[in-house]
Amino acid sequence: MILSISMPKSSGRFLRKPDFLKSRQSDDAASTEVRTPLDLDEVLEDVEEEEDSDLGELNTALGALVDIFPDVQPDVFREMLLNLSKESRLEVVTEHLLRNGAQYIQGRYRKKPSDDNASQPRHLEPLPKDETFRSDKYKRTVKDTLYLEFRNLSHSSIRAVLAEHNYSYTLARPTLHHLSSKSWRATISSFFTRKRPATSDPDLHPHVEWLPNPTEPSSLFPYFKRTGCTELDQELYRVYIAPVLARQNQERLDRDQALAYDLNETEAEDANAMFDCECCFTPYPFEYISTCDSDAGHFICFRCIKLAANEALYGQGWARNIDLTKSSLRCLAPSVPECQGCINPELIQRALCTEKDGATNWQKLQERVMSENLIKSQLPLLRCLSCPYAEIDEPHIIASKHLEHVQSAGEEV
Ligand SMILES: [Zn+2]
Ligand SMILES: [Zn+2]
Ligand SMILES: [Zn+2]
């Protein structure tokens, strides 16, 4: 038992490249190339250095076959192309598929076109990179990287999963992750070391390290150990680095906005430039105040507008808060007699969009106002089944392009 645990572990370590044997602490002192900060342009620029001519030809043939037989899965073509000699393989494969395709295809049809509306020609998408023939360098680097990443899986199972997914790192990784979280080796190693397996953290990867950014302490800076294959570097960047950077960027923007708001408020207070909302009586700076369009010009704050719009949309306040004739929100100021003014829709949009899901709420508000006005108009209407689009139903006028395709799709279903 002990033997069977220790054997694969030591063999795995033996197979690793020498620089990976060093611990993280030692290699940050020793090598400077590991610590060079990530150069985005260098990683993302499209370098096709390793494609040899045969690979290019194979991929051209594959692309042509995907165009000819758009509903067949590309792995059928890959299989057939690889088994044929270089001369006129495209022609041979085409002929075979036309004569007795079923024998070669064996049910491997693409799902996409049958799920969608059949009327749409969807076959024009180019073949994704994951489905093309990959270079030997890419395959080798992916294999090495995955050996390193999933140390608790046997090399044979990694190779099997890779073969199943056309050696694509992005496609094989979820399966391997699933396997590694369930494998008995993971259970045993986490039992002995009392540590989480390294792969449980989606941001953690042997080639990516996050260190504090010297210029900005609140965010982390990615350090990337190049794999030696540009294609894989780009893939790793997309999987591990880009989402984290995007999240950090959003957090920075949020912090900046909060700071800007605070600064603005302090300055407005100092300059005595605060306006009291006439609904909730809270003082707000000019940027967060709107007025109704009556002669009284009541000040209404953005917060009150948001609350009123939410109540109209999701609560009981539609009839009370929305003026359908002006397609806008009624003035919220509690005046006697009741103010007949409305708030400018542009200001409502600005008020709603200070929140995260504000744009959706604003759209919902507009759509509901529109549809209620259409109902009120009592016109005969033709409606789209999947969006709020509507047009007047007049027998002598042919329905527009929009409804034509929706109706034909509806009949087919
Ligand atoms: Zn208010
Ligand atoms: Zn008013
Ligand atoms: Zn529509």
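1. In this note, two rings of Phe, Tyr or Trp (for Trp, the six-membered ring) are taken as a pair if their centres lie within 6.5 Å; planes under 30 degrees apart are called stacked, those over 60 edge-to-face, and the rest tilted. By this rule the count comes to five aromatic pairs. In one of them, Phe275 and Phe286, the ring centres are 6.3 Å apart and the planes stand at 55°, so the pair is tilted. Phe275 belongs to strand E3, whereas Phe286 sits in the loop between E4 and E5, 11 residues apart. Phe275 is partly exposed, with a relative accessible area of 25%; Phe286, at 59%, is exposed.

2. Tyr288 and Phe302 also form an aromatic pair, which is edge-to-face, with 6.0 Å from centre to centre and 70° between the planes. This pair links distant parts of the chain: Tyr288 lies in the loop between E4 and E5, and Phe302 in helix H14, 14 residues apart. Tyr288 has a relative accessibility of 25% and counts as partly exposed, while Phe302 is buried at 4%. Together with Tyr261, Tyr288 and Phe302 make up one aromatic cluster.

3. The mean pLDDT of the protein is 78, and 77% of its residues reach 70 or more. Among the elements, E6 has the highest mean pLDDT (94) and helix H2 (residues 18-21) the lowest (36). Over residues 1-34 pLDDT stays under 50, and the model has 28 contacts beyond four places in sequence for them. Residues 113-121 likewise stay under 50, with five such contacts. Where pLDDT is low, the predicted coordinates should not be read in detail.

4. Distant parts of the chain are linked here, with Cys277 in the loop between strand E3 (274-276) and strand E4 (283-285) and Cys301 in strand E6, 24 residues apart. Both Cys277 and Cys301 are buried.

5. His298, in the loop between strand E5 (289-291) and strand E6 (299-301), and Cys339, in the loop between strand E8 (328-330) and strand E9 (342-343), are 41 residues apart. His298 is buried, with a relative accessible area of 9%, and Cys339 is buried at 9%.

6. The largest nonpolar core has 29 residues, of which Ile300, Ile305, Trp318, Ile322, Ile348 and Leu365 touch the most other members. Two or more residues come from each of E6, helix H14 (302-314), helix H16 (345-352) and helix H17 (358-377); H14 gives the most, with seven. Beyond its neighbours within four places in sequence, Trp318 is in contact with Ala312, Leu313, Leu324, Leu365, Arg368, Val369 and Glu372. Apart from this core lies another, of 22 residues, including Val142, Tyr147, Ile241 and Val244.

How values were computed:
Residues numbered from 1 in each chain as written. Chains lettered and ligands numbered in written order. Predicted model: local features only at pLDDT ≥ 70, side-chain atom pairs only at ≥ 80, totals over all residues. Heavy atoms only, no water. Helix = DSSP H or I, 4+ residues; strand = E, 2+ residues; numbered from the N terminus. Buried < 20%, exposed > 50% of the residue type's maximum accessible area, 1.4 Å probe, protein only. pLDDT = per-residue confidence, 0-100. Contact = heavy atoms within 4.5 Å. Core = buried A, V, L, I, M, F, W, Y, C linked by side-chain atoms within 4.5 Å.
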